[in-house]
Structures are given as C-alpha cells and as structure tokens.
Amino acid sequence: MIEGNERACDIRDTSGMWPYHPDLLATPVPRYTSFPTAAEFAPDVSQERHAAAISTATGDISLYVHIPFCEKICWYCGCNTAAANRTQRLTSYLDSLHREIELVGTLLPAGTRVRRLAFGGGSPNAISPVDFVRLFQQLVLHLPLGQPLVSVELDPRTLGPEWEGVFGAVGATHASLGVQTFAPHLQEAIGRVQPLQTIEEAVALLRRAGITSLNFDLMYGLPGQTMQDLDETLDLAARFGADRIALFGYAHVPHLLPRQRRIDASALPDGEARFAMAREGHGRLVNAGYTAVGFDHFALPGDPLAQATVAGTLRRNFQGFTEDQADVLIGLGASAISSFPDLLVQNEKNAGRYRMMLSQQLLPTGPGKERSVDDRRRGAVIQELLCRGRARVAADLLDSAMERLRPYLEPGLARIESGCILVIPDHALPYARSIAAAFDPYRQHSPRRFSSAI
Ligand code: SF4
C-alpha cells in the first residue's frame with residue numbers, strides 16, 4: 001500500500017510556494033481523524049457488538065480516557081466538556097468511569113497489553129489530583145497495563161503544584177497544554193485569559209515532573225489576530241522549547257457550538273488572511289527547526305512524532321497525528337470513541353445517560369459505524385495521503401475519484417505517478433484534506449458541519 005517516502009525525508013520549508021486557490025478551499029472538509037468520520041455514525045450498534053469488538057482485541061492496544069470537565073469554559077471550544085463546578089456531578093461521573101473500566105476489564109482477552117494511555121477532555125486536571133490517582137489505580141487494577149506511555153492534556157490555568165508528584169507517580173512522559181495564543185487581546189477575544197507567567201510555571205512544573213514530550217496547541221484565524229500576533233506566539237512557543245506544536249485554524253461554527261456566539265465574528269480574518277497565516281505558521285516553525293508533521297502538526301527532530309514522520313510510520317487517530325501503531329483504541333468515558341479494525345463506536349455522549357447505563361452494568365454504547373472492506377480500503381488511502389502525501393491507489397478507487405481529483409490535478413496540486421500513485425506535492429499541503437476527500441463517498445456534498453480546509 002505504501003510507496004516511497006520522499007515527503008518524509010525531504011523536510012524543508014516550502015510554504016513560501018503555497019499557491020492560493022480559494023475555490024478549492026471553499027468546501028468544508030473533515031479532519032479525517034477516522035474514516036468513516038463521526039458524521040456517518042448511526043445509532044445501530046448494539047451493546048453485544050460493542051462487547052464482541054472489545055473481547056476479540058489482540059496484542060498491543062491503546063486507551064483513551066475522557067474527562068469532560070473544565071474549570072472554565074473557553075468560548076471557542078468544540079470539545080464535549082462542561083464546567084467542573086458541581087462536586088456531585090464530578091463524583092458520580094468518576095464512579096461511572098470506574099465501573100466502565102471494570103466492565104471493559106472483564107471483556108478484554110488475556111494477551112492484550114495496553115501500551116498507550118491517554119487522558120483527555122475537557123481537562124483531566126479539572127478533577128482533583130487525588131481523584132486522578134484513584135482513576136489511574138482503577139486502570140492498573142482492572143486493565144492489562146504493560147508499562148504504557150502515559151499522556152495527558154492539561155489546562156495550564158489550573159495546574160497547581162500538587163500535580164507535579166502526580167505525573168511522576170503515574171509515569172506520564174507526554175503532555176499537551178492548551179495555549180492557543182500568547183497575545184492578551186486575543187485571549188480576551190476568545191474567553192481564555194492566561195498570562196505568560198501561567199505558561200512559564202506550567203512548563204517548568206511539567207519538565208520537573210519528567211515530561212519529555214510537551215505539546216502546545218496554538219491557533220490562527222482568531223478574531224483580530226494580526227500576523228505579528230501569530231509570529232510572536234510561534235516564536236515564544238519555540239523559545240519555551242515545546243517539543244510539539246499543533247497549529248489549528250479556528251473554526252467558527254456558532255450554529256453547532258452556541259458558546260462561540262460570544263466571539264465577535266466581524267473581527268475574524270477572511271479566507272485569504274487565514275491562508276496567509278497557515279503559510280506563515282508553517283514557514284516560521286520549519287525555519288525554527290521543527291519538522292512538519294502532516295498538515296498542521298510540527299515536532300522537534302528528536303521527538304517521536306518527528307521520527308515517525310521521517311520513518312514513514314506516522315498515523316492518524318482521534319487525537320490527530322500520532323506515532324501510535326496500535327490497531328485498537330478503546331475510548332473510556334462519555335462521548336469517547338473506540339476504534340477497531342472493523343468497527344468505530346462512540347460511548348453515549350450525554351453524561352446522564354452514560355451514568356445510567358453503567359449503573360445497570362451495561363456498556364455505554366452510543367452511535368457508531370461498521371467499517372466495510374470498502375471503507376477500510378478508502379480509509380487507508382486517506383490516511384496515506386494525509387500522513388505521507390502519497391498513496392498507491394487501486395484502479396477502481398482512482399477511477400471513482402477522478403472527477404473530484406481533476407480540479408487538483410490540473411493546476412499541479414496533485415499528480416499521478418506510474419498510473420496508480422497519487423502524490424500531493426509539498427506546495428499543495430493546504431489542499432491535502434480536500435484531495436483526500438475525493439475518496440470519501442459519504443462526502444459528495446459537504447454540509448456546513450466541517451471546518452474549512454485551511
Ligand atoms: S480548557 Fe480546553 S477543553 Fe476546556 S473549555 Fe477550554 S479549550 Fe475546551
């Protein structure tokens with residue numbers, strides 16, 4: 001399936017050559033953290049099917065644990081999270097999560113080993129350090145942890161000194177901080193105020209705690225953001241020594257996320273300005289020594305994510321670009337998604353229903369999608385295109401996608417080599433998601449539920 005790795009080995013800043021074709025970026029496209037995407041999920045996955053998928057897992061697997069709470073809710077946020085302001089709500093959620101861990105533990109066959117354990121949300125540090133340690137102990141007690149790589153997403157605004165010992169105790173080596181921007185006026189505009197000192201203290205604490213791979217989430221396309229704002233934020237992130245940077249375009253979809261109504265839409269940069277910011281971000285980070293990873297991640301050369309890029313083993317899962325090679329990812333917690341080779345299934349999103357199902361000792365099965373043979377073939381092509389910029393494509397798939405590929409082939413944003421290898425050249429990186437979407441049969445006419453391509 002895989003052919004060559006020119007992109008991976010030829011890491012240079014080509015962002016200055018990115019041509020701007022607004023017509024080709026106009027259609028919203030999925031981020032393809034899975035294929036089929038969550039938009040195709042339907043409520044027809046039974047608990048028996050969900051249980052059967054867990055009980056036939058083999059070998060090394062990964063776990064994702066979702067904590068859907070935050071101390072303060074940011075206006076731009078698209079995550080399934082709520083304010084952590086009611087102790088009773090947190091306690092009963094954690095009780096249910098403990099039950100789910102126990103239930104999944106009874107289903108997982110002997111011989112499986114959890115090699116990666118990711119805590120995300122929300123903000124896992126919205127719960128108390130004591131509750132976090134208890135949660136970890138529950139995982140140790142009921143699941144086959146095989147010295148997993150432990151990662152945790154964190155809100156730096158609420159990362160008190162008591163967390164330092166916790167990360168050491170659970171052996172966390174990877175952490176991700178929601179930074180978004182260092183510009184105070186932009187922090188005000190998006191409802192997330194965090195002084196520079198907050199980030200300084202969080203970084204120092206995490207390094208002392210043994211975090212060796214530290215990610216900063218950053219954003220462009222914010223209301224009132226200038227190129228200078230972006231440059232200053234990128235430079236500071238590099239100076240802080242972030243091992244990884246995820247640079248996302250802000251997606252303004254208040255019809256889907258009512259909390260975004262507080263953001264001044266009239267101050268949002270237009271499509272051309274967003275494109276220029278994406279280009280600037282790419283160029284600046286590559287020039288600062290980062291390896292470009294996929295279409296929106298960057299990593300220092302010593303980081304495992306950069307090494308996976310160079311080795312051609314980069315993959316994509318619900319957490320974005322990853323070096324994780326496991327074929328099974330089990331999501332725990334309300335709304336968490338599990339991925340099996342032939343099934344994608346989401347846990348019940350509604351926290352009340354999630355708790356109720358677990359109180360009856362039922363798996364909290366929500367909507368999902370069986371992955372047909374055709375889905376898996378198409379998913380492999382989409383993953384190759386997004387992770388490596390090229391994919392060997394079977395003739396029938398290429399034929400079926402040709403009409404949608406033509407607008408990209410004609411201006412040289414894609415090319416076909418040897419009749420069957422579709423290549424996205426480096427200068428066409430901003431179009432990668434749109435080109436990959438040509439293989440997505442569910443996406444003939446994209447509704448406005450996805451983000452813009454850049
Ligand atoms: S801290 Fe993160 S998850 Fe929580 S509301 Fe803000 S952006 Fe969303």
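Author: Helix H4 (residues 87–107) and helix H5 (residues 129–142) pack with their axes 9 Å apart and at an angle of about 15 degrees. This is a predicted model, in which local features need pLDDT of at least 70 and side-chain atom pairs count only at pLDDT 80 or more, while totals for chains, interfaces and linings use all residues. Residues are numbered from 1 along each chain as its sequence is written, and side-chain values use heavy atoms, with hydrogens and water left out.

Reader: Why is H4 called roughly parallel to H5?

Author: The angle is about 15 degrees, and angles under 35 degrees count as roughly parallel (over 145 is roughly antiparallel, 65 to 115 roughly perpendicular, the rest oblique). H4 is therefore roughly parallel to H5. The angle runs from 0 to 180 degrees between N-to-C directions, with axes fitted to C-alpha atoms over the stretch in contact.

Reader: Which hand does the crossing of H4 and H5 have?

Author: H4 passes H5 in a right-handed crossing. The near helix is thus turned clockwise from the far one by less than a right angle.

Reader: Where is the cis peptide bond to Pro-36?

Author: This bond joins Phe-35 and Pro-36, and omega is about -5 degrees. Pro-36 lies in the loop between helix H2 (22–25) and helix H3 (47–55). Tyr-32 lies in the loop between H2 and H3 and has a positive phi of about 55 degrees, although it is not a glycine.

Reader: What makes a space a cavity rather than a pocket?

Author: On a 1 Å grid over the protein atoms alone, a 1.4 Å probe fits in a cavity but cannot get out; a pocket is an open set with protein on both sides within 12 Å along at least five of seven lines, and lining residues have an atom within 4 Å of a point. Two cavities of 30 Å³ or more are found. The largest cavity holds about 240 Å³, and among its 19 lining residues, Tyr-220, Leu-247, Phe-295, Asp-296 and Ile-454 are the closest to its centre.

Reader: Which element gives the largest share of the lining of the second largest pocket?

Author: H13 does, with seven residues. This pocket has a volume of about 580 Å³ and is lined by 27 residues.

Note on methods:
Points joined across faces, edges and corners; volume = space filled by probe spheres on them. Helix = DSSP H or I, 4+ residues; strand = E, 2+ residues; numbered from the N terminus.
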